[in-house]
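Trainee: I have a protein model open and would like to walk through it with you. Could we take it piece by piece?

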Amino acid sequence: MPFRESGYHPYDFANRRHIGPSPSEMAEMLRAVGEPSLDALIAETVPASIRQREPLDWGKPLSEQGVLRRLREVAGKNRVLTSLIGQGYHGTVTPPVIQRNILENPAWYTAYTPYQPEISQGRLEALLNFQTMVCDLTGLDVANASLLDEATAAAEAMALCERGAKSKARAFFVDHHCHPQTIAVIRTRAEPLGWEVIVGDPFADLDPEAVFGAIFQYPGTYGDCHDFGGPIAALHDAKALACVAADPLALTLLRPPGEMGADIAIGSTQRFGVPLGFGGPHAAYMAVTDALKRMMPGRIVGVSIDARGNRAYRLALQTREQHIRREKATSNICTAQALLAVMASMYAVFHGPDGLRAIAQRVHRKTVRLVKGLESLGFRVDQASFFDTVTVEVGPLRDVALRAAVAEGINLRAVGRTKIGIACDERTRPEHAEAIWRAFGGEMRDWSLLHEYRLPENLIRTSPYLTHPIFHLNRAEAEMTRYMRRLADRDLALDRAMIPLGSCTMKLNATAEMMPLSWPEFADIHPFAPADQTRGYAEMIADLSAKLAAITGYDAISTQPNSGAQGEYAGLLTIRAFHRARGEAHRDICLIPTSAHGTNPASAQMAGMKVVVVASAPNGDIDLADFRAKAEKHADSLACCMITYPSTHGVFEETVREVCEITHALGGQVYLDGANLNALVGLARPGDIGSDVSHLNLHKTFCVPHGGGGPGMGPIGVKAHLAPYLPGEKDGAGAVSACAFGSPSLLTISWAYCLMMGGAGLTQATKVAILNANYIAARLSDAYPILYSRAGRVAHECIVDTRPLRDSAGVSVDDVAKRLIDCGFHAPTMSWPVAGTLMIEPTESEPKAELDRFVAAMLGIRAEARAIEEGAMDRADNPLLRAPHTVEDLVGDWDRPYSREQACFPPGAFRVDKYWPPVNRVDNVYGDRNLVCSCPPVESYAEGEG
Ligand SMILES: *Cc1c(COP(=O)(O)O)cnc(C)c1O
């Protein structure tokens, strides 16, 4: 046989991993779209006036193995020491069964936020377990399903105190023993809202009349454990509210905040099995009293019923607060930390209350031993009683001892000039205590195994927790594995089907990109480890930032924000700081088009800006005349405009440059929401178009998985003139999240993606994303009106109008969405940005076969609606209104005017691999009337649970 070249370069395979359609499929799709070539389609779609001149290029792409080698090399530049620094971050053991079956399992990490409850019952149950765990541990009534980190949760608590308190004071009190990063973020958040932050000793400096609320840390950052009952009662007398930031592991042994009278508790669940990751991602929690539940920010899982009356979980209405209330919203939280909350909840399910208590007791005993050893060496610790953290007075020896500890492989915390902080954790072993003693000048064995406790007598916990049966599995790994598998099987994630969510870019999260996350060199680094131990991280972050700058046309990148909405907030604060530095502090107007994502106005409000809404023209573009008029009217106080590009309607507006020019001419700055960057990478750069700042959603365009509602990363890019005002810079906006680099371990994913694709590969991905969207639009355009297309062309997503079916067949957009579940699909984005429509973004990752399956499903639905229109199908009892159908529908009596075959196997549905939703349609109204946000009592499990 003659030798024949394969015709492929190995790099093609790396790219092909991310690009769904094969070259021959693309040719077919282009024919369907009516274009001779991909480049011809792009030329028709993307206005020449915004195209970037230079192609994106940073050298050859790496193969998959090459990327892993490069990541190994960088990982090798991080040094993994044992960090006993504490300050809100602790070593923890991720149970392997959770690591493999949740963190490393695409069934969990590729899921979308559970807005479609019928296909999300598994993760909703896991998050409900999280809420129950938080309520139990904190002794409060209602918890949400995760917040971004402890510091931002504290800032949210401050805002909640301001809303909920009857006090008219304008100041917030912060315990001086709160973690420093918490205090920093609270200061940032308070400043634009005009609230004073008073930091001091709760037992000496708190004037309850002067504040609307206060936050105390428990145990304090240096290890002290106080009963805050007195200050809390005093706050309540003054009509102010009280929040306690609490360590959940400590709460297994110590009296919970709820029993001290606290209104709110917040904290981090990192030490419940979630790796340090140099600062994140981890889930923070918030719990409140019943009185505050309707005001609580973030996502809240509630219990409702389905069409059969069976129990079903769903997100409570207030979860969409920022989308509904927009500039009147009090919080902008959208993406949170769902996957990490699921991990923490599984840690609690796995260990149960006895296991958690045992872990906490062991940690405490180790701390006692360590302290006794230090005392026998002549040192004194500040705390007479403590949980796991102590502060040792060492005098002038501080730096010598810290260095000696590092030489022993242990990081400790420098406290003040003469003290050292030590926090023990689940991973601490006798060798660590011995090493610390050596570092402090003593050669001793870990001799004392006495069960001695130095917990504060007055704060010993007596109340039970985690009494619910779910926290009492029999502890066999077989049972745990099956529980997690059962929940995963209830959900529809990207590992089963395309999730065509407009604006949310549910694309491939390649396995190789995910693997480095679990490597100890990335996972086991404390956020406050010395810089010489984190050189690998520094190198990776610098290189990724350079690539993101090249992609966006900006000059500087901050990776601090850990969600898109937080990026918006950070970007707006950067603009604010810029105006202030120029003596233009009065500039506070933010122009936002009506079509903007709800987080935009919510973020502007939080940044102390006033939102002026700009109308949309009939074609969906920004109404330029209205924009100009409003900008000129507010010329003197114009801070910025906030636009989305391509627009939220999925179109490349030709007028974007003009919008930027008008804004600049009047002294304003341009914020371009970069969530739609998947339509731009390699083709156009926000920085060239005239924008000054953008956030990029790494969990959309750059392959960080959605995790069922987080984690995410929302780094911002800015032009050079704004760089000095970025968060963390000297003149900058102040810290927006707990860690300098947000959730840095996730950056490995986006970096691997950029390396594997190369500039040309990324550009090709953008083009194919546009092809896929146009293919769907072309295939569906006979059945449904496609809104806002330009000469039959859309950008990377298309809006399908289902409103005509309302009148003609009594079929709502909800019915279409639920029917898609029967077909084995997650619904597209519903009713946004246009009510009654579906917005579809297939992304470049989907192969033609999957696009065709989706098209078949959508055409099948149109055919069903037509049957209703024509009277061939019952208007009041049909598969659209009754969707989704479950296995329950296959058994028992059947009295419907359509067949079971038709019900359960519409076009698109697989026969053997059929996805069965575990519940019928979920009743949202019932759920909002009866807000139950923790695991229902056992008795209610008798029904409905197999
Ligand atoms: C997703 C999105 C956001 C918010 O991002 P989060 O990470 O969820 O906070 C903002 N704007 C647009 C247009 C988006 O699609």
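**A buried helix and its surroundings**

Mentor: Let us begin with helix α15, in which His432, Ala433, Glu434, Ala435, Ile436, Trp437 and Ala439 are buried, where buried means under 20% relative accessible area, exposed means over 50%, and partly exposed is in between (1.4 Å probe, protein chains only). Helices here are DSSP runs of H or I with at least four residues, strands are runs of E with at least two, and both are numbered from the N terminus.

Trainee: Before we go on, what kind of model is this, and how are residues numbered?

Mentor: This is a predicted model, in which local features need pLDDT of at least 70 and side-chain atom pairs count only at pLDDT 80 or more, while totals for chains, interfaces and linings use all residues. Residues are numbered from 1 along each chain as its sequence is written, and side-chain values use heavy atoms, with hydrogens and water left out.

Trainee: Back to α15, then: why is it described as largely enclosed?

Mentor: Seven of the 10 residues in α15, which runs over residues 430–439, are buried, so the helix is largely enclosed by the rest of the structure. The cover over those buried residues includes β1 (82–83), α13 (338–376), α14 (398–407), β13 (410–411) and β15 (419–423).

Trainee: And what follows α15?

Mentor: Glycine 441 follows α15, and its phi is positive, near 100°.

Trainee: I am curious about cysteine 178; where is it, and what does it touch?

Mentor: Cysteine 178 is in the loop between β3 (171–175) and α9 (180–190), and it counts as buried because its relative accessibility is 2%. Leaving aside neighbours within four places in sequence, cysteine 178 is in contact (heavy atoms within 4.5 Å) with Ile183, Ile215, Phe216, Gln217 and Thr221.

Trainee: And what about phenylalanine 386?

Mentor: Phenylalanine 386 lies in the loop between β11 (380–381) and β12 (389–393), and it is buried, with a relative accessible area of 0%. Beyond its neighbours within four places in sequence, the contacts of phenylalanine 386 include Gly223, Cys225, His364, Arg454 and Pro456.

Trainee: How far is phenylalanine 386 from aspartate 877?

Mentor: Those two are 491 residues apart in sequence, and their C-alpha atoms are 64 Å apart in space.

Trainee: Switching to the whole protein, what is its secondary structure, and how much of it is buried?

Mentor: The secondary structure comes to 31 helices and 26 strands, and buried residues make up 65% of the 946 residues. Of the contacts with a separation of 6 or more, 78% are between residues 24 or more positions apart.

Trainee: What are the overall dimensions?

Mentor: Along its principal axes the C-alpha trace spans about 85 × 75 × 70 Å. With 946 residues, a compact globule would have a radius of gyration near 30 Å, and the protein has 28 Å, which agrees; that radius is taken over C-alpha atoms, and the globule rule is 2.2 Å times the number of residues to the power 0.38.
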